[in-house]
Amino acid sequence: MSRSRDYWQIIKHLSVQRVFNLMRLKCSFWWTRLTKRPRIWGKPFALSIEPTTACNLGCPECPSGLKMFTRPTGKMDLKKHEQMLDQVGRQLFYINYYFQGEPFLHPDFLELIKAAKQRKIYTSTSTNAHFITEAKAREIVNSGLDRLLISIDGTTQDTYEQYRVHGSLEKVLAGARAMVEAKRQLKSATPHLIFQFLVVRPNEHQVEEVFDLAREMDIDEVRIKTAQIYDYKQGNPLIPENEKYSRYRKQKDGSYRMKAGEGNHCWRMWSSCVITWDGQVVPCCFDKDATHTLGKIPETEFNQIWKGESYSEFRSQLFRARDQIEICKNCSEGTKVWV
């Protein structure tokens, strides 16, 4: 398993304009940290775009799976998506087509990928792999998708379904095998295939096994991810016993707290943002219910939102009192999300 080809794929999507924009963002971020006066030079180099909020599973820490959204369920309109890409700018070189929901429930999901690839943008998505057939796998490879994260979260059905409620490990493995075979048949290096293993207490004993499984199946990479737990302060049955795999540390009184993530700053507010299926621009992936909508595209031009009053005030609030913003209280900024 090697990441080198994937890194090279990312590098190939860079340009002078994109590198210069990234440098401007970094400079404005550090200027803001030094002066405490928010400045934003440049536009985001990365986006998360939500294809749909619909999902077939019922994962216990996911608003989509629990059907607990206050915002409506829907799917990204292809025409609006084209308008969004035109507005965000040519400096953009990375899109993760995932926020909430299962992307492949969008009937035209791969058309979104193709539109981004026409603009030479690196594309990634995350899936529970229940809808990847042999035919779909070939379509995915031909779409030009650069990276595919497959959520596995268990090496046996009994373990897997404790978090991926209503899910079938057999379907996940069949979808993964179909992707490996489609890449082989089409002689394609992409998409880079990743087994993403979200560690919770029911599956932490299988961490090593997922690496063995990935090698056996010729998956390119394994990522061990720590889990965000909503109700964690008094403990939670999903928090791993091995603290290495947890975002939370047990205190002497038996309560839990975030390992890190403190401090009044956040690089995400300069580097990227999230766009929901209906065009709402929100600060980051922790705002799952879009409670901090900063604007809506394509109705409002993206640059007006990115450098507008609402965004500026949100960045200012981060530097004044990040711990007073609800979505920031359980944020992994500064922690090890990937182990």
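Q: What joins S1 to S9, and how do you know that these strands pair?
A: Four bridges join S1 to S9, and the two run parallel. Two strands pair if DSSP finds at least two bridges between them, so S1 and S9 qualify. In S9, Cys-273 is the bridge partner of Leu-47. This is a predicted model, in which local features need pLDDT of at least 70, side-chain atom pairs count only at pLDDT 80 or more, and totals for chains, interfaces and linings use all residues. Residues are numbered from 1 along each chain as its sequence is written, and side-chain values use heavy atoms, with hydrogens and water left out.

Q: How do you know that S1 also pairs with S2?
A: Three bridges join strand S1 (residues 46-49) to strand S2 (residues 94-96), which run parallel. Leu-47 has Ile-95 as its bridge partner in S2.

Q: What makes S9 and S10 a pair, and in which sense do they run, parallel or antiparallel?
A: S9 and strand S10 (residues 280-282) are linked by two bridges in the antiparallel sense. Val-274 stands opposite Val-282 in S10. Four residues lie between the strands of this hairpin, where Gly-279 takes a positive phi near 95°.

Q: Why are both faces of strand S9 called covered?
A: Buried means under 20% relative accessible area, exposed over 50% and partly exposed in between, with a 1.4 Å probe and protein chains only. In S9 (residues 272-275), Ser-272 and Val-274 on one side and Cys-273 and Ile-275 on the other are all buried. Of the 339 residues of the protein chain, 56% count as buried.

Q: What order do the strands of the open sheet take, and why are two of them called edge strands?
A: The nine strands follow the order S6-S5-S4-S3-S2-S1-S9-S10-S11, with mixed pairing. Strand S6 (221-226) and strand S11 (295-296) are the edge strands, as each pairs on one side only.

Q: How many helices and strands does the protein chain have, and what makes a run count as one?
A: The protein chain has twelve helices and eleven strands. Both are DSSP runs numbered from the N terminus: helices are H or I with at least four residues, and strands are E with at least two.

Q: Why is the protein chain called as compact as a globular protein of its length?
A: The radius of gyration, taken over C-alpha atoms, is set against the globule rule, 2.2 Å times the number of residues to the power 0.38. The chain has a radius of 20 Å, close to the 20 Å that the rule gives for 339 residues, so it is as compact as a globular protein of that length.
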